[in-house]
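Morning, everyone. Have a look at the model on the screen.

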Amino acid sequence: MYRIKTDLKYSDITPRADFMNRRQVIAGAAGLLAAGGMAQARMTGKKSRYSTDEKQTKFKDATSYNNFYEFGTGKEDPAKYADKLTTDPWSVEIGGLVNKPGNYSLGDILKTVTLEERIYRFRCVEAWAMVVPWIGFQLSDLIAAADPAGNAKYVAFETLHRPSEMRGQKNPTFPWPYVEGLRMDEAMHPLTILATGMYEEELPNQNGAPLRLVVPWKYGFKSIKSIVKITLTEKKPPTTWNQISRRAYGFYANVNPDVDHPRWSQGSHRVIGGGLFASRQPTQKFNGYGDEVAGLYTGMDLQKFF
Ligand code: MTE
């Protein structure tokens with residue numbers, strides 16, 4: 001394909017975003033042309049008005065301090081064990097109340113969407129936070145392509161269940177597979193993305209490769225990793241953490257400093273990578289995305305629907 005000097009890697013001659021997204025390049029109908037030009041135009045420098053310019057968390061911190069119980073409950077377990085996971089080939093079953101259900105390969109999905117960088121604040125329910133530069137596309141694009149039926153009110157997501165590669169799934173304490181859900185209008189909101197990369201790299205396995213949800217105004221547990229199934233439903237779907245404790249983890253899980261966890265305050269958080277003596281930061285309602293999303297909850301009692 002390419003004749004290149006042996007000391008050059010593909011990543012050296014290709015913009016990093018293209019490299020990261022080689023599946024999209026490979027999947028591209030235009031073949032070589034895509035690899036050389038077209039995909040590059042689609043990928044490079046697509047910045048977003050939704051990005052924050054706050055200080056980004058170091059790549060090392062964002063990829064070594066993780067929650068991904070499929071690989072164990074320790075923060076360091078995902079980085080240790082997630083390399084076992086096979087992420088290629090990967091397909092996503094899209095079904096339920098859609099007119100175009102199907103089992104789509106990730107490559108096919110990536111042909112129909114536009115990737116962009118979104119630098120988002122990310123707030124875990126455990127009261128720590130990061131700022132992460134994701135690469136992804138709007139979930140609304142994928143849902144629109146599946147042609148939702150008029151009575152679809154919720155979107156349910158499911159993580160891969162493969163205990164042979166996900167050692168944490170042998171732990172029967174948790175109800176596998178991990179499942180999550182959004183209301184349809186939340187799923188269609190432009191801030192809601194499916195990420196395939198971060199820090200201009202392919203998504204590391206411990207961060208939910210090859211495809212994970214990111215909903216920046218909600219607690220991190222809503223941002224389900226390694227998704228294999230997306231189902232549109234009329235009824236509110238069950239969600240893993242809500243099943244574990246309805247009192248502690250609501251379906252909505254909007255970041256809210258006024259609603260404390262039964263065991264700790266949500267009024268402030270620790271910034272990951274800030275060091276042992278860094279002061280805690282005040283947590284903002286909707287994680288600071290209120291201007292964009294507060295309207296989704298007009299008239300709802302956010303103490304009750306937490
Ligand atoms: N998705 C799955 N499948 N399994 C998990 O254990 N943990 C959630 C969420 N998505 C989790 C998951 C939680 S609690 C958080 S805070 C984020 O992933 C962590 O994402 P990060 O490791 O990329 O920071």
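Start with Phe68, in the loop between helix 5 (59–62) and helix 6 (77–81). Helices here are DSSP runs of H or I with at least four residues, strands are runs of E with at least two, and both are numbered from the N terminus. A word on ground rules: this is a predicted model, where local features need pLDDT of at least 70, side-chain atom pairs count only at pLDDT 80 or more, and totals for chains, interfaces and linings use all residues. Residues are numbered from 1 along each chain as its sequence is written, and side-chain values use heavy atoms, with hydrogens and water left out.

Is Phe68 buried or exposed? Buried, with a relative accessible area of 3%. The cut-offs: buried is under 20% relative accessible area, exposed is over 50%, partly exposed is in between, using a 1.4 Å probe and protein chains only.

What does Phe68 touch, not counting residues up to four places away in sequence? Pro78, Met166, Asn205, Gln206, Gly208, Lys225 and Ser226. Contact means heavy atoms within 4.5 Å. Take Gln206: 138 residues from Phe68 along the chain, yet the two C-alpha atoms are separated by 6.9 Å.

Now ring pairs. The whole structure has 17 aromatic pairs. Rings of Phe, Tyr and Trp (its six-membered ring) pair if their centres lie within 6.5 Å; planes under 30 degrees apart are stacked, over 60 edge-to-face, the rest tilted. Phe68 and Phe71 have ring centres 4.9 Å apart and planes at 85 degrees, so they are edge-to-face. Phe71 is buried, at 0% relative accessible area.

Next, Tyr252 and Tyr297. Their centres are 6.1 Å apart and their planes at 90 degrees, so this pair is edge-to-face too. Tyr252 lies in the loop between helix 10 (240–244) and strand 11 (268–271), and Tyr297 in the segment after helix 11 (290–293), so the pair ties together parts 45 residues apart in sequence. Tyr252 is buried at 6%; Tyr297 is buried at 3%.

Ring pairs also link a cluster: Tyr69, Phe174, Trp176, Phe221, Trp241 and Tyr249.

Last, the core. The largest nonpolar core has 76 residues, and Trp134 is among those with the most contacts inside it. Such a core is a set of buried Ala, Val, Leu, Ile, Met, Phe, Trp, Tyr and Cys residues joined through side-chain atoms within 4.5 Å. Strand 4 (residues 128–138) gives the most to this core: six residues.
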